[in-house]
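Let's learn to read a structure by asking what each label rests on. Have the picture ready, and follow along one question at a time.

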Amino acid sequence: MAGTGNGGVLSSAGISPLFRHRDTSTTVQLLRPLISNPIRFSVFASTEKQHLQGAETKSTKDGRLTLKDYFDQSVELITRSDGGPPRWFTPLDCGSRLQDSPLLFYLPGVDGVGTGLVLHHERLGKIFDIWCFHIPLSDRTSFTDLVKLVESAVRLEYSRTPNRPIYLVAESFGGCLALAVASRNPHIDLILILANPATSFSRSLLQPETLLPFSTMMPDQFSSSLPYLLSLLTGSPLKMVTTAIGKRLPLEQLIGKLYYDTIAVSSYLSVLSDAMTAETLRWKLDMLKSAAAFANSRLHAVKAQTLILASGQDQLLPSREEAERLRQVLPKCEIRVFDDSGHALFLDEDVRLVSILNGASFYRRGRRHDYVLDYLPPSPSEFQKVYQPQRWVEAATDPVMLSTLENGKIVRGLAGIPSQGPVLYVGYHMMLGLELAPLVTRFWKERNILLRGIAHPMMFTKLREGKLPPLSSFDSMRIMGAVPVSAPNFYRLFSSKSHVLLYPGGMREALHRKGEEYKLFWPEQSEFVRMAAKFGATIIPFGSVGEDDISELLLDYNDLMNIPYFKNSIEDLTDEAVKLRGGTVGEVSNQDVHLPILVPKVPGRFYYLFGKPIETIGRKEELKSREKADELYRQVKGEVEKCLDYLREKRENDPYRNMFARLTYNATHGFDAEVPTFDFTKSP
């Protein structure tokens with residue numbers, strides 16, 4: 001279904017589309033409703049308008065459009081629409097796609113315009129073939145016929161690519177449409193992404209029996225005021241103001257942006273007010289009511305993988321409660337809640353749909369999700385969104401990162417880290433993994449290297465619902481590339497030349513007991529050596545210290561197990577988690593899930609030392625020997641212990657180990673100045 005372009009007009013599969021309207025000066029071309037021929041459009045401002053707005057046409061550095069673009073494009077579609085039957089279109093502003101990208105059908109809310117994903121087109125267009133559904137305001141196609149139209153497109157795509165998933169991304173009314181299609185096609189591999197689905201319409205403020213009497217008594221006043229009322233309830237104008245202020249633009253630019261945004265909103269509401277007659281309103285409300293009833297009656301038949309996106313500030317529907325209800329009813333359903341968003345979730349500039357799919361592991365190009373091949377690295381803005389909540393750790397601990405050059409010289413910074421992969425970083429896990437946020441952040445910011453952490457499976461799946469944190473708690477780790485531990489994932493990471501972060505001590509090391517700080521709990525067998533040698537990976541042993549400078553362990557596992565309440569909780573948590581290392585012996589096999597109780601201290605400082613790189617290239621045959629592999633394994637473990645001993649000894653001579661000493665230095669030298677540390681010119 002890939003399209004080809006010529007002179008700004010695109011056709012599908014080489015078939016020349018049939019136009020209802022075509023004008024070389026306009027920006028929208030609408031087609032008759034041929035399933036194999038989606039219309040494709042893009043909106044361009046005039047030269048004069050581009051000059052007036054300047055850089056304000058883009059909201060972010062990574063090219064995302066803004067709410068203003070949504071209003072402009074919606075006006076274009078509403079005014080140019082011929083009132084014909086529903087049809088498909090594809091945005092021109094989508095980028096070139098990955099190979100084997102799945103098809104994404106966007107199903108709009110009850111307005112039917114189809115431009116609701118405009119803020120996400122640029123990023124989504126790189127990983128999907130996007131088709132948007134447009135239902136003209138004057139169209140009177142019944143809900144069941146709309147279901148058949150969408151179903152026809154879905155079945156056609158399935159017949160062409162049966163081994164590739166098909167995405168139905170929908171909001172509000174479109175959510176009912178998506179569920180209805182899924183219920184009728186359980187054999188098709190569908191993935192539903194539903195934002196505030198209108199299956200809860202019976203509990204909504206917009207009941208026909210409430211609104212229609214007013215429309216009958218005061219038809220003119222009601223029709224003109226309804227679009228304004230709906231826009232306020234969805235929160236779009238207010239969101240435009242708060243987003244503009246949040247960007248901290250200079251006053252002149254802020255005023256200019258708000259001015260042009262206000263013009264765009266006014267134009268959109270004026271056009272919508274003219275088109276939204278009392279008769280159209282009646283039709284839309286009745287359609288919503290029948291759609292919700294239809295979808296709810298068939299939820300039992302939905303087998304599709306489903307992700308519900310619920311807004312915490314939805315003034316039109318009880319979306320948060322509805323998400324929980326659907327999660328209980330649908331067999332493969334997860335939810336994500338956005339506390340500060342309104343009904344029009346996809347128009348919230350703080351919401352990034354690709355990042356959501358990545359964090360929830362909902363993007364795949366085959367029958368199963370591949371944590372390596374289907375992974376999408378975060379954009380700069382997506383990284384910043386993940387980094388901001390963790391920024392306090394780096395600010396409080398002012399990490400000192402040291403690396404070792406090939407000649408053995410220790411330098412401050414990451415100059416000793418190879419640029420090219422595959423690279424395997426093997427180190428010590430601090431209590432609760434406190435070292436992770438500064439480590440991953442510094443590699444990204446200083447070397448533009450994304451560390452792919454090997455993580456415990458409980459961050460990706462649960463055996464049952466219970467006391468464990470929701471999977472959404474680990475979304476940020478998945479966005480930053482975390483992968484569940486398994487031999488196939490190791491293989492794929494090394495084969496893709498990734499930078500892989502491994503803690504052989506795993507959970508036992510990160511949840512150590514009192515007096516076990518900086519003690520390694522590694523398995524006896526060499527788990528990673530031969531895999532690294534197979535791909536010629538560089539192994540970098542490292543140590544990190546500082547956990548005892550920011551907190552003190554008050555109650556550890558042994559203490560908690562002596563308290564009946566905590567003992568029962570630990571047993572429940574452990575039963576919910578996926579088991580790991582069941583066949584190993586010794587302390588490393590103790591994988592009981594618990595949360596030790598810590599007492600915070602005035603923050604000290606974190607220290608990291610990356611040892612001299614150990615090359616395995618050319619040693620594949622040699623390391624097939626169990627003896628040689630074990631020897632290298634012991635060497636790596638010994639190097640990690642040396643790094644820990646070196647840092648623990650040297651930090652005693654750091655005059656800025658205490659946070660107050662660092663603050664004093666920053667007060668006199670500037671808060672952007674690098675705070676000195678101990679003398680690291682001597683090798684460990």
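Q: Which residues is Ser 551 in contact with, leaving aside its neighbours within four places in sequence?
A: Welcome to this predicted model! Ser 551 is in contact with Leu 598, Val 599, Pro 600 and Lys 601, once neighbours within four places are set aside. Ser 551 itself lies in strand β20, residues 551-555.

Q: Why is Ser 551 called buried?
A: Its relative accessible area is 13%.

Q: What share of the protein chain is buried?
A: Buried residues make up 56% of the 684 residues. The chain's secondary structure comes to 23 helices and 23 strands.

Q: How do you know that Val 675 counts as buried?
A: Set its value against the cut-off: the relative accessibility of Val 675 is 3%, and buried means under 20%. Val 675 therefore counts as buried. You will find Val 675 in the segment after α23, which spans 659-669.

Q: Which residues does Val 675 contact, leaving aside neighbours within four places in sequence?
A: They are Asp 398, Arg 412, Arg 605, Tyr 656, Arg 662, Tyr 665 and Asn 666. Take Asp 398 as an example: it is 277 residues from Val 675 along the chain, yet their C-alpha atoms are separated by 8.2 Å. Across the protein chain, of the contacts with a separation of 6 or more, 80% are between residues 24 or more positions apart.

Q: What makes His 456 a buried residue?
A: Its relative accessibility is 10%. That value is under 20%, so His 456 counts as buried. His 456 is in the loop between β16 (451-455) and α16 (475-479).

Q: What does the side chain of His 456 reach?
A: It reaches the backbone nitrogen of Met 458 at 3.0 Å. Not counting residues up to four places away in sequence, His 456 also touches Met 507, Val 578, Leu 580 and Gln 591.

Q: Why is α4 called oblique to α5?
A: The axes of α4 (residues 143-160) and α5 (residues 173-184) come within 9 Å and cross at roughly 60 degrees. Angles under 35 degrees count as roughly parallel and those from 65 to 115 as roughly perpendicular, so a crossing at roughly 60 degrees makes α4 oblique to α5. The crossing is right-handed.

Q: Which residues make the contact of α4 with α5?
A: From α4 come Phe 143, Leu 146, Val 147, Lys 148, Val 150, Glu 151, Val 154 and Arg 155, and from α5 come Phe 173, Cys 176, Leu 177, Ala 180, Val 181 and Arg 184. By class, this contact has ten nonpolar, no polar and four charged residues.

Q: Why is Ser 152 called partly exposed?
A: Ser 152, in helix α4, has a relative accessible area of 40%. Buried would need a value under 20% and exposed a value over 50%, so Ser 152 is partly exposed. The C-alpha atoms of Ser 152 and Val 181 are separated by 9.6 Å, and the two residues are 29 apart along the chain.

Q: At what angle does α5 cross helix α10?
A: The axes of α5 and α10 (residues 278-296) cross at roughly 35 degrees and come within 9 Å. This crossing is left-handed. Phe 173, Cys 176, Leu 179 and Ala 180 of α5 meet Met 287, Leu 288, Ala 291, Ala 292, Phe 294 and Ala 295 of α10. The residues of this contact divide into ten nonpolar, no polar and no charged.

Q: Is Ser 172 buried or exposed?
A: Its relative accessibility is 11%. The cut-off for buried is under 20%, so Ser 172 counts as buried. Ser 172 is in the loop between β9 (166-171) and α5, and its phi is near 55 degrees, a positive value in a residue other than glycine.

Q: What makes Asn 448 count as exposed?
A: The relative accessibility of Asn 448 is 63%. Most residues other than glycine have a negative phi.

Key
Residues are numbered from 1 along each chain as its sequence is written. This is a predicted model: local features need pLDDT of at least 70, side-chain atom pairs count only at pLDDT 80 or more; totals for chains, interfaces and linings use all residues. Side-chain values use heavy atoms; hydrogens and water are left out. Axes are lines fitted to C-alpha atoms, for helices over the stretch in contact, and angles run from 0 to 180 degrees between N-to-C directions. Helices (H or I, at least four residues) and strands (E, at least two) are DSSP runs, numbered from the N terminus. Angles under 35 degrees count as roughly parallel, over 145 as roughly antiparallel, 65 to 115 as roughly perpendicular and the rest as oblique. A crossing is left-handed if the near helix is turned anticlockwise from the far one by less than a right angle, and right-handed if clockwise. Contact means heavy atoms within 4.5 Å. Ala, Val, Leu, Ile, Met, Phe, Trp, Tyr, Cys and Pro count as nonpolar, Asp, Glu, Lys and Arg as charged, and the others, Gly among them, as polar. Buried means under 20% relative accessible area, exposed over 50%, partly exposed in between (1.4 Å probe, protein chains only). A polar contact is a pair of N or O atoms within 3.5 Å; within protein, one must be able to donate a hydrogen and the other to accept it, and residues adjacent in sequence count only if both atoms are side-chain atoms.
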